[in-house]
Amino acid sequence: MQQILPEHPEMKIEVRSLTPSDYEAVKELQLACFPGMLPWSKLQWDSMMEKFPQGQLAVELNGKIVASSSSLLLHFDEYTKDHSWNAITGKGTLSTHKPDGDTLYGIEIMVHPDYRNFKLSRRLYDARKKLAVDMNLRRIIIGGRLPNYHLYADNMTIKDYVQQVIDKKLRDPVLTAQLSNGFQLKRIIRDYLPNDTESCGYATFLEWVNLDYEPEGDLKIQEVNYVRVCAVQYRMRMINSFEDFAHDCEYFVDAASDYRCDFVLFPEMLTMQLLTFLPNDRPGTAVRKLAEFTDQYVEMFRNLAIKYNINIVGGSHFTVENEELYNISYLFRRDGSVSRQYKMHITPHERKWWGVKPGNKVEVMDTDCGKIAILICYDVEFPELARIAVKKGASILFVPFNTDERRAYLRVRYCSQARAIENQVYVVLAGSVGNLPEVDNLDIQYAQSAILTPSDVEFQRDGVAAIAEAGEETLIFQDLDMNLLKRHQYFGSVQTIKDRRTDFYNIRYTEGGETFTV
């Protein structure tokens with residue numbers, strides 16, 4: 001089976017270190033972001049690249065730098081809390097940089113005005129935090145601009161303005177973002193950057209503390225400790241256009257992003273509701289019409305993943321390849337890349353009414369939060385697939401499902417719980433509710449979406465981390481402790497991965513012409 005993504009516009013996003021050759025692009029970005037202020041000079045730029053290149057970061061979208069940040073290392077105790085930007089940065093040359101400093105000081109962050117709804121600053125703040133953890137730094141300090149203050153300066157003191165932003169009565173594009181990214185306000189600085197007329201020279205002094213800091217100075221690169229996952233229990237409804245469908249999906253992606261989730265999972269057969277505005281046809285012909293929306297579906301979710309800085313498992317979508325119909329679940333990463341998992345086991349219903357063909361490979365997908373796998377509904381009822389996925393490195397299994405009534409749902413639910421226990425992994429389920437009276441063979445749906453864990457002392461009671469109300473449209477989310485999962489695999493009350501009797505049974509599977517044993 002040829003597994004090639006359909007033609008669609010490419011969108012790729014990447015957070016990377018700046019290089020000396022990026023000067024003109026960053027200068028152009030500064031002029032767009034701060035039209036009344038001088039950009040970096042070439043002298044300043046070359047000095048920054050020489051002193052602390054790893055502290056200079058960019059977000060690149062389709063090869064264009066659309067956001068950047070700069071920082072340096074300090075022994076911050078050497079400076080007064082009423083410091084100025086020039087004093088901290090050596091007038092922008094980073095001559096004050098201390099390679100053995102314990103504090104990362106952020107001196108600039110900027111996002112192109114055309115891309116300020118893509119949560120790019122969050123990516124840069126997260127990259128700074130990772131740098132602080134990787135370098136075993138005590139904290140991050142920033143002197144933050146207040147670009148909206150000049151609009152209120154005649155009627156409001158700077159202290160009152162900052163408090164109103166904290167209380168969410170006003171919004172400041174810089175301070176609001178910094179507070180939402182975990183920084184704590186310590187004080188207000190006067191004459192921080194005197195030529196910053198929008199801020200009237202003021203800045204906020206904010207701090208983020210690295211809880212992994214080791215005072216002895218041992219350098220420890222920390223892996224991701226927590227992954228926040230979200231499952232959407234989606235209500236199927238009559239719609240009038242693809243735009244209606246896209247609007248409903250974006251609502252839930254936006255909500256999951258607001259909760260700072262790393263993943264959001266949609267249900268199986270999510271796009272079946274598109275049939276509600278298409279001419280009625282026999283089932284086998286009708287579902288093949290969904291393939292005509294594949295490019296729109298891929299482009300929509302790819303753009304949402306980038307815009308909202310979240311990895312999306314887009315339920316599943318019927319796709320025609322080489323004249324055969326497949327049920328495919330797509331992973332849309334927040335860097336713009338896309339992977340897919342074909343449904344491996346086809347139910348009698350799917351074969352009879354739609355003629356769906358099975359896939360032939362268990363995909364384990366790399367993400368910025370570790371390796372994951374997708375088992376589409378019926379697939380989770382076959383323990384061999386989960387075992388293969390976990391052997392290939394997956395620590396979270398995502399299960400988009402579509403079931404018509406409670407007993408069908410419980411097959412998926414109980415098998416998912418078993419997969420979590422026997423493989424010592426997390427399993428996330430998302431199903432649909434509601435009904436589609438105009439779509440043959442998909443009249444009703446029943447779901448109770450859930451986030452499941454192994455069943456042991458360290459985890460939530462009953463092995464259920466979160467569960468939705470049956471039949472209600474909603475979303476659920478949960479932080480998954482990945483370090484706890486690793487400890488459980490080695491020190492759990494039972495160790496089902498370690499204790500398998502592979503001396504007298506195993507799983508053999510074929511992939512790409514080669515045979516493997518698990």
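Predicted model: local features only at pLDDT ≥ 70, side-chain atom pairs only at ≥ 80, totals over all residues.
## The seven-stranded sheet

Seven strands make up an open sheet. Their order is β1-β2-β3-β4-β5-β7-β6, and the pairing is mixed. The edges belong to β1 (13–17) and β6, each with a single partner strand, so one side of each has no neighbour in the sheet. From one strand to the next, the twist averages 25 degrees.

Both senses of pairing can be found here. Strand β4 (residues 103–111) and β5 run parallel, joined by four bridges. β1 and β2, by contrast, pair in the antiparallel sense over five bridges. β2 and β3 are also antiparallel, again over five bridges.

Strand β2 covers residues 57–61, and five of its five residues are buried. Its side chains point two ways. L57, V59 and L61 point one way, A58 and E60 the other, and all are buried.

L57 can be followed across to both neighbouring strands. S17 stands opposite L57, and L57 stands opposite S69 in β3. The hairpin of β2 and β3 has two residues between the strands. In that hairpin, N62 takes a positive phi near 50 degrees.

R16, D22 and E60 are linked in a network of salt bridges.

## Helices on the sheet

Helix α1 (residues 23–33) lies across β3 (64–74) and β4. It runs at about 95 degrees to β3. Helix α5 packs on the sheet too, touching β6 and β7. The direction of α5 makes about 160 degrees with that of β6.

## Helix α13: one side in, one side out

Helix α13 spans residues 482–491. Its buried residues are M482, L484, L485 and H488. Why do they lie on the same side of α13? They cover an arc of only 155 degrees around the axis, which puts them on the same side. An α-helix has 3.6 residues a turn, so residues three or four places apart point the same way.

The face turned away from the buried side carries Y490 and F491, both exposed. What covers the buried residues includes β8 (226–236), β17 (396–400), β18 (426–430) and β23 (474–481). At the start of α13, a side-chain oxygen of D481 reaches to within 3.1 Å of the backbone nitrogen of N483.

## Salt bridges

How many salt bridges does a search of the whole structure find? The search finds 27. Side chains of opposite charge can pair when their charged atoms come close. Three of these pairs follow.

R228 and D479 meet with N and O 2.6 Å apart. R228 lies in strand β8 and D479 in strand β23, so the pair ties together parts that are 251 residues apart in sequence. R228 is partly exposed, at 26% relative accessibility. D479 is partly exposed as well, at 33%.

R145 forms a salt bridge with E198, the closest N and O atoms being 2.9 Å apart. This pair links distant parts of the chain, 53 residues apart. R145 sits in the loop between β5 (139–144) and α5 (158–166), and E198 in the loop between β6 (184–189) and β7 (203–209). R145 is buried, with a relative accessible area of 15%, whereas E198 is partly exposed at 34%.

D248 and R237 meet at 3.5 Å, N to O. D248 belongs to helix α7 (residues 242–258), while R237 is in the loop between β8 and α7, eleven residues apart. D248 is buried, with a relative accessible area of 17%. R237 is partly exposed, at 25%.

## N402, a buried loop residue

N402 is placed in the loop between β17 and α12 (406–423). Is N402 buried or exposed? Its relative accessible area is 12%, so N402 counts as buried.

Which residues does N402 touch, not counting residues up to four places away in sequence? They are M236, E268, M269, C377, S432, L442 and Q445. With S432 there is also a polar contact: 3.1 Å joins the two side chains.

Notes. Residues numbered from 1 in each chain as written. Heavy atoms only, no water. Buried < 20%, exposed > 50% of the residue type's maximum accessible area, 1.4 Å probe, protein only. Arc of directions from axis to C-beta. Contact = heavy atoms within 4.5 Å. Polar contact = N/O pair within 3.5 Å; in protein donor to acceptor, adjacent residues only side chain to side chain. Salt bridge = Lys/Arg side-chain N within 4 Å of Asp/Glu carboxyl O. Pairing = 2+ DSSP bridges. Axes fitted to C-alpha atoms, helices over the stretch in contact; angles between N-to-C directions.
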